[in-house]
Amino acid sequence: MRKQEVRTGGEAGQGRGPSSPAGQVKALVDLLAGKSSQGSQAPHTADRTPHSDDSRIQKCQEALLNRAKGSPELSGPSPRLTNLLLVEGLTDLQLKEHDFTQVETTRGGWHPAKTIALDRLFLPLSRVSIPPRISITIGVAGVGKTTLVRNFVHLWARGQVGKDFSLVLPLTFRDLNTHEKLSADRLIRSVFPHTGESGLVAAALPKILLILDGLDECKTPLDFSNTVACTDPKKEIQVDHLITNIIRGNLFPEVSVWVTSRPGVAGQIPGGLVDRMTEIRGFTEEEIKVCLEEMFPEDHALSDWVLRQVQADRALYLMCTVPAFCRLAGSALGHLSRSKPGPQDAEPWTPRTLCELYSWYFRMALGGDGQEKGKASPRIEQVAHSSRKMVGTLGRLAFHGLVRRKYVFYEQDLKAFGVDLALLQSALCGCFLRREETLASSTAYCFTHLSLQEFVAAAYYYSASKRAIFDLFTEGGVSWPRLGFLTHFRSAAQRAMQAEDGRLDVFLRFLSGLLSPKVNALLAGSLLAQGEQQGYRAQVAELLQGCLRPNVAVCARAVNILRCLHELQHTELARGVQAAMESGGLAALTGPQHRAALAYLLQVSDACAREASLSLRLSKGVLQSLLPQLLYCRSLRLDNNQFQDPVMELLGSVLSGKDCRIQRISLAENQISNKGAKALARSLLVNRSLTALDLRSNSIGPQGAKALADALKINRTLAFLSLQSNSIRDNGARSVAEALAANRTLSVLHLQKNTIGPVGAQQMADTLKQNRSLKELIFSSNSIGDGGAGALAKALKVNQGLESLDLQSNSISDAGVAALMGALCANKTLVSLNLRENSISSEGARELARALCTNSTLKNLDLTANLLHDQGAQAIAVAMRENQALTSLHLQWNFIQAGAAKALGQALQLNRSLTSLDLQENAIGDEGASAVASALKANTALTALYLQVASIGSRGAQALGDALAVNRTLEILELPNRGVK
């Protein structure tokens, strides 16, 4: 997309003069063409008044309101149509894949993006920018692009949006397709043909919006490379050339242009010409529910049942984010519910594939089940005849339209394909085909949704292929040596695999689905012959699997083959790979069919939706083949695969992709060195989706840490980073500390087991004095000693962000603890402190006790495996009488005996905050256990007590048992070889 220029004072203040009555139309066209209206060619006139302009504008508004009368979609725009997503351009997925594939691959989600309100759609985004001239709104088929345009025009005519525009000229490509050639002058007149030239006086109109709705329906693709420039608004040229010149600014340079399109076709307009791109999002879960409730307003039980059926299949539910599909699914399932004999028959007929759903829709269109037990009645035979006739006529139109990328049809198209116009008046056709009058008083027809065109096309191909002796795709006159359905199916599969834009993907799915036993049972007698699929099903499954060739990457076409097998109800391949994923046996599955099935499961599996786990010996080759599909995994686990640096180059390319949706990735326990870390760091410079990166137990070293740290200075999305066990040492810690001084998004940092000493701790402490975003720092199993602890203590006195600090196993003695506790008296944010496995004695414990008497924010304190002894534990126990903030205290393995246990028991009788106490591996004996038991009879806060390996005998256990008979809050009590919950 092109960058918008800064508005200058002169441009902002430019005005336009009025024109003479004799040149009214010329004035409008001249204005649109960008000609100056301030010279002698625009004489002033006395009878041109603001009131006359207002009345003419009012007439245009009234004309638009009259045109919109009776449209049910104008009852009020939904929130998703009043707030569009601001996007920065088209992704590769949008440019290259079928609309269904876009929704399925992204699991019905959208990139996190800013939104823009409908009433600000054509306004500057900031004070220093100018309004967009060329705006594009994209959305998959059926998401509501035309509804959005009609709502905007309706609201503008009522003065509610677009108040900056004095005139809005709405056109659809369905209108433009009726012209072979058109001038810019005639284009404008065609919007309001009834007003005549006098109605188009607009010489004083400062801003005009030209709307071009439905670029994907343009009969000729726009070609910006080979279109001759035209600046004459009266010259008639081909319609596609006219649109190209308008977008380029050769014609109407001062007019704002708004184009709507499906994503793939929007790519015809060069990004450098586009000032603003927006996208219509689909339904949310709540909006799906509301849509279905509105379809059955008087039957809440039915709407609830339909919603449950949709939610039962993840693939169908994701597609219901497309409003048109949601309504189609609701109609089909509503018919299913009404037609089933009883509740017990609901489940076997509930659709679980696209073809099953559309088969129910077809049955609904027929007005009955189309099949009854016993001898078929004349009515049923008549219905069957009508359905076959409809498929034979509309199907040929749908199929060849699909092959030629034609989605709107006119009467001449219908005649060319031999469609009986009388047939279009039937209720059956009305369920599939929509009729619309164009501005040129001709009639346009289109299928109510693209998928319905694909379904009818597949039904036609299925029927025609059993008798055709030529290639149906080319209608060539040369017959094939070997005829039959399988030959035609192979041709369809090959063409679908070769179609780079995926336009035949869903067609092939429907064609495969027509061979499934369930669909055959649904359509037998009305469209299919009973049991005719049995002879082809196994052969078609083998043919489809044969299309999966050992390419370098598993493309979307290959994944679609697995979807075809699903429609065919041949799921053995996918089930086998899923079992291997669950058992950790992916290493043995390296064939192209297995790779395609794995890519398919990454999209459809509920488990993969939460986290795609590809750990345990996944080969580089398999990973490389899956790269295009990994883009859309939200959480990816690739632990313990022995991946080395070249694999990181591949993953870096994925993370750098514009389409990347990966939010969390774990690469723990591989063989990544500093080169691999540098490759990942380069991707972090541009990635906008990743929030968590786990690199624990690799070998990135100080250089790898520096590369990642440099990337963190720029990256604004990563919130979690684990560099555990990577030997980054003090130099690496210094680099990370420097990054934290600039980074404002990282909130969790794991640096344990990295041989970091006092110097590295000092660097980190200096940064913590400034940083406010880091919430959790794990610094355990290093060697920072008392010096490092002292440095961190100084930081804690001023830091206002850190909530959790882990200093386990860092050779910290009483001096270090004293410094930390001094800081704890001033700190107001730290919630969790881990000091286990250090060298804290009873003297350090007394410092801890003093801090606990003052601090009111610390909730979790872990002192496991220190040297507190009875004296230290008793000091802490005394402090716990006053402290009412701490909720979890770990004193495991601290040489505590009965004396300290008694002191803790006395504290528990007064304390009302502690919920978890750990005294494991301390010799408190029966005496200590009895003291704690006595406290439990009065304490109402403690919920977990751990006393394993605490030298407790039967007497102590009995005392605890008696306490449990009274205590009503303790939920967990762990004793040696016993557990009471």
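**A guided reading of the predicted model**

Arg262 is placed over the face of Tyr407, at 5.4 Å from the centre of the ring. This contact, like everything described below, belongs to a predicted model.

The account now turns to the sheet. Seven strands make up an open sheet with mixed pairing, and their order is β2-β1-β9-β3-β8-β6-β4. The strands at the edges are β2 (115-117) and β4 (167-172); each has a single partner strand, so one side of each is left without a neighbour in the sheet. From one strand to the next, the twist averages 25°. In general, the strands of a sheet pair through backbone hydrogen bonds, in either a parallel or an antiparallel manner. Strand β3 (residues 134-138) and strand β9 (residues 276-279) run parallel and are joined by four bridges. Within this pairing, Thr137 stands opposite Thr278 in β9.

Helix α7 (residues 145-157) lies across β1 (83-87), β3, β4, β6 (208-213) and β8 (256-261), and runs at about 155° to β6. Helix α9 (residues 184-191) also packs on the sheet, where it touches β4 and β6. The direction of helix α9 makes about 95° with that of β4.

A polar atom of the Asp471 side chain lies 3.0 Å from the backbone nitrogen of Phe473. The side chain of Asp471 is also joined to the side chain of Arg495 by a polar contact of 3.1 Å.

Aromatic rings provide the last topic. The model holds 23 aromatic pairs. One of them is formed by Tyr358 and Phe455, whose rings are 5.9 Å apart centre to centre, with 40° between the planes, a tilted arrangement. Which parts of the chain does this pair link? Tyr358 belongs to helix α17 (residues 354-366) and Phe455 to helix α21, so that the pair links distant parts of the chain, 97 residues apart. Both Tyr358 and Phe455 are buried. These two residues also belong to one aromatic cluster, formed by Phe100, Phe325, Tyr358, Tyr361, Phe362, Phe432, Phe455 and Phe510.

Terms used:
Residues numbered from 1 in each chain as written. Predicted model: local features only at pLDDT ≥ 70, side-chain atom pairs only at ≥ 80, totals over all residues. Heavy atoms only, no water. Pairing = 2+ DSSP bridges. Helix = DSSP H or I, 4+ residues; strand = E, 2+ residues; numbered from the N terminus. Axes fitted to C-alpha atoms, helices over the stretch in contact; angles between N-to-C directions. Contact = heavy atoms within 4.5 Å. Polar contact = N/O pair within 3.5 Å; in protein donor to acceptor, adjacent residues only side chain to side chain. Phe/Tyr/Trp six-rings, centres within 6.5 Å; stacked < 30°, edge-to-face > 60°. Buried < 20%, exposed > 50% of the residue type's maximum accessible area, 1.4 Å probe, protein only. Lys NZ or Arg CZ within 6 Å of the ring centre and 35° of its normal.
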